[in-house]
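Welcome! Have the model open and work through them in order.

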Amino acid sequence: MLKIVTLGPAGTFSELATHKFIKQQSESCNICFLPSIKSVLHEIGLSSDIGILPIENFSEGFIAVVLDELAALDLSIIDEILLPIKFSFVANSASINEIEQLFVQFVAKGQCVDFISGLDNANIQLTESNIESLHECLAGNAKVGAIVPSGSFNSEQFALTIDSVNDYENNQTRFLVLSRNNNHPISNDANKTSIIVLDDDDHPGLLGEVLQSFSARQINLSSIISRPTRKSFGKYHFFIELEGSQNDPLVASALQEISQRNKVKVLGAYKKATLQS
Ligand SMILES: O=C(O)C(=O)Cc1ccccc1
């Protein structure tokens, strides 16, 4: 039995991503929910074999806490999942102008900016998960509203519901499947690799050299993100995703070259997700 930990309570997009992953597995799986992204990350490899969490939204970009923990913890990426993301607004008052308190998950807030900016009188309360927002609204008074996953609620429970409050119609989020065991063989269908170049030897041209190792071999990068090390001001880790895996000798030699000059953590190689996969 594969034990999976993800962001709860039940009903989050993370749970939907987990079910999409489970459908592709031959083994039976057991899901455990934890209330915050950080608590999920820290449980992987303890009571759970793997963890599933959002890493990147199509319009908002990367989730900083996940990148920072990937730099700090000993986790590896074994797969990724892509999900369409649709939000609805629910409220205990039929009049939107009466809403004084809005519960919204901290990543969801940036995906519903246009709608939220129209709620003139609402005080924003950030939550850890979209289902926490839903539960807060269900437990709240007549002046409370929430941004929640479309399809996660029964409209009879609310005085007002408005669908499609996300800024972009084709909103999508990418989730990572993470494990603590770093010895996974690279599967033959892996066509994407994630690495972190850790800032341990800052010098002029560090990033240029890293990029040159890839461009000299015609290796395409799909993302590059810097995150502060939080050790001293102006020092950064670089989270890089590239096409291909170390099964390809060109990728292997690029990573070997970069590793000779820098501390590199290869997070994992996996098959690039699509909405259909
Ligand atoms: O709270 C959830 O439902 C999550 O799984 C986190 C999240 C938040 C916003 C978009 C996608 C996933």
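**Exercise 1.** Which feature does UniProt place at residues 3-180?

Solution. First, some ground rules: this is a predicted model, in which local features need pLDDT of at least 70, side-chain atom pairs count only at pLDDT 80 or more, and totals for chains, interfaces and linings use all residues. Residues are numbered from 1 along each chain as its sequence is written. Next, the unreviewed UniProt entry gives "domain: Prephenate dehydratase" for residues 3-180; such annotations may be inferred rather than shown by experiment. Finally, this span is 24% helix and 35% strand, and its end C-alpha atoms lie 13 Å apart. Helices (H or I, at least four residues) and strands (E, at least two) are DSSP runs, numbered from the N terminus.

**Exercise 2.** Find how β11 pairs with β3 and with β5.

Solution. Two strands pair if DSSP finds at least two bridges between them. Start with β3 (residues 50-57), which is antiparallel to β11 (residues 172-179) over 7 bridges; here Leu53 has Leu176 as its bridge partner. Then take β5 (residues 76-84), joined to β11 by 8 bridges, also antiparallel. Ser76 stands opposite Ser179 of β11.

**Exercise 3.** Why does the ligand lie between domain 1 and domain 2?

Solution. Begin with the 14 residues around the ligand (C-beta atom, placed from the backbone, within 6 Å). Thr12, Phe13, Ser14, Ser129 and Asn130 come nearest. The elements giving two or more residues are α1 (13-23) and β3. Lastly, domain 1 (1-85 + 171-180) and domain 2 (87-163) both contribute to this shell, so the ligand lies between them; the bounds come from an automatic or database domain assignment.
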